[in-house]
Structure formats: C-alpha cells, structure tokens
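Here is a short report on one model. It covers a helix pair and a pocket.

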Amino acid sequence: MLPKLDIKEKNFHGMLAIGGLAGIMEGSLQEGIFTLHTVFPGMMLTLVSAFVGAFSGFFLKDLSRTMRGMEPYRGVNNDGWMMGAFMGTFIGTLFQIAQSSTGANIVIGSMAGAYFGAMSGAFPDEFVTPILRLMHAERAARHMAEQERTLR
C-alpha cells in the first residue's frame with residue numbers, strides 16, 4: 001500500500017523540485033556544463049524564502065487583526081501558504097526564465113515567487129483546508145453512490 005500525500009506535502013515537494021531545477025538551470029547556463037552541485041542551494045534558498053514569506057504573511061495578518069481590535073489568528077491550517085509558495089515558485093521561475101536572456105538569477109525568481117506566494121497564501125488559510133475537506137468528502141460520497149448503484 002502506497003502512502004497518500006496530502007496537499008501540503010505535494011506542494012512542498014513540488015516547490016523543492018522547482019527550486020532544484022532552477023538551481024540546475026542557472027548553474028548549467030552560467031558554467032556551460034550540466035551542474036548538479038547547484039541543486040541543493042536552489043532548493044534551500046527557495047524553501048527559506050517560502051518560510052520567511054509565510055512568516056511575513058502571518059505577521060501582517062495578525063497585525064491587521066489586532067489593529068482592528070480582533071484576537072490574533074491562531075489557526076492550525078497551513079495549507080494556504082504552502083499552496084501559494086508552490087504556485088509562486090512556479091510563476092516566479094517561469095517569469096525569470098522569460099526575462100533573462102543569459103539564464104542569470106533564475107533562483108532569485110523562484111525565491112521571490114516563493115516569498116510572495118507564501119505571503120499571499122497566508123492570509124486566507126483558515127478557509128482553504130475546510131474547503132478542501134468538503135471537496136474530498138463530496139467526491140468520496142459520489143464514488144460510494146456509484147459503487148452502490150453498480151452493486152444493485
């Protein structure tokens with residue numbers, strides 16, 4: 001039986017893969033040969049940027065809530081910032097590839113995308129996980145109904 005990854009794990013692995021590929025591309029284009037020693041720096045810089053972006057997003061979210069006289073948000077759902085970081089990494093890397101004629105700073109594009117994606121994904125995070133659970137529950141109920149129809 002294979003383990004089933006949830007949305008956070010899929011986006012985390014995708015973000016690391018894009019950061020690693022950005023590192024390979026940047027190193028290979030600058031040095032002229034296929035480089036693998038730039039994978040780890042690309043992955044780690046992208047990951048650290050995503051975490052800093054999520055911290056910034058949660059900080060701004062709590063700051064805006066306390067300025068309005070509300071309690072700070074203490075949620076347990078963190079799918080939003082991880083999904084935002086993955087999409088930001090993807091878009092930032094593509095944008096930097098399109099902008100750069102020499103292949104320079106591709107990792108910077110993935111870092112900036114991860115930062116802004118995680119920061120913007122931190123704001124609506126209390127709504128993302130319950131919506132995903134409802135979508136999965138609806139799909140499972142529909143699948144069960146189809147199985148019951150086929151058995152009759």
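Angles over 145 degrees between N-to-C directions count as roughly antiparallel. This cut-off is used below. The model is predicted.

**Helix pair**

Two packed helices are described by the angle between their axes and the distance between the axes. The axes of helix 3 (residues 79-99) and helix 4 (residues 106-122) cross at roughly 150° and come within 6 Å. Helix 3 and helix 4 are therefore roughly antiparallel to each other. Their crossing is right-handed.

Which residues of helix 3 and helix 4 meet? On the helix 3 side they are G80, W81, G84, A85, G88, T89, G92, T93, Q96 and I97. On the helix 4 side they are I106, G109, S110, G113, A114, G117, A118, G121 and A122. No charged residue takes part in this contact; 12 are polar and 7 nonpolar.

**Largest pocket**

The volume of the largest pocket is about 350 Å³. Its lining counts 16 residues, and D6, I7, D79, L132 and H136 lie nearest the centre. Helix 1 (7-31) and helix 5 (125-151) each supply at least two lining residues. Helix 5 gives the largest share, 6 residues. By class, the pocket lining has 7 charged, 5 nonpolar and 4 polar residues.

The table sets out the residue classes of both sites.

Conventions: Residues are numbered from 1 along each chain as its sequence is written. This is a predicted model: local features need pLDDT of at least 70, side-chain atom pairs count only at pLDDT 80 or more; totals for chains, interfaces and linings use all residues. Side-chain values use heavy atoms; hydrogens and water are left out. On a 1 Å grid over the protein atoms alone, a cavity is a set of points where a 1.4 Å probe fits but cannot get out, and a pocket is an open set with protein on both sides within 12 Å along at least five of seven lines; lining residues have an atom within 4 Å of a point. Grid points are joined across faces, edges and corners, and a volume is the space filled by probe spheres set on the points. Helices (H or I, at least four residues) and strands (E, at least two) are DSSP runs, numbered from the N terminus. Ala, Val, Leu, Ile, Met, Phe, Trp, Tyr, Cys and Pro count as nonpolar, Asp, Glu, Lys and Arg as charged, and the others, Gly among them, as polar. Axes are lines fitted to C-alpha atoms, for helices over the stretch in contact, and angles run from 0 to 180 degrees between N-to-C directions. Angles under 35 degrees count as roughly parallel, over 145 as roughly antiparallel, 65 to 115 as roughly perpendicular and the rest as oblique. A crossing is left-handed if the near helix is turned anticlockwise from the far one by less than a right angle, and right-handed if clockwise. Contact means heavy atoms within 4.5 Å.
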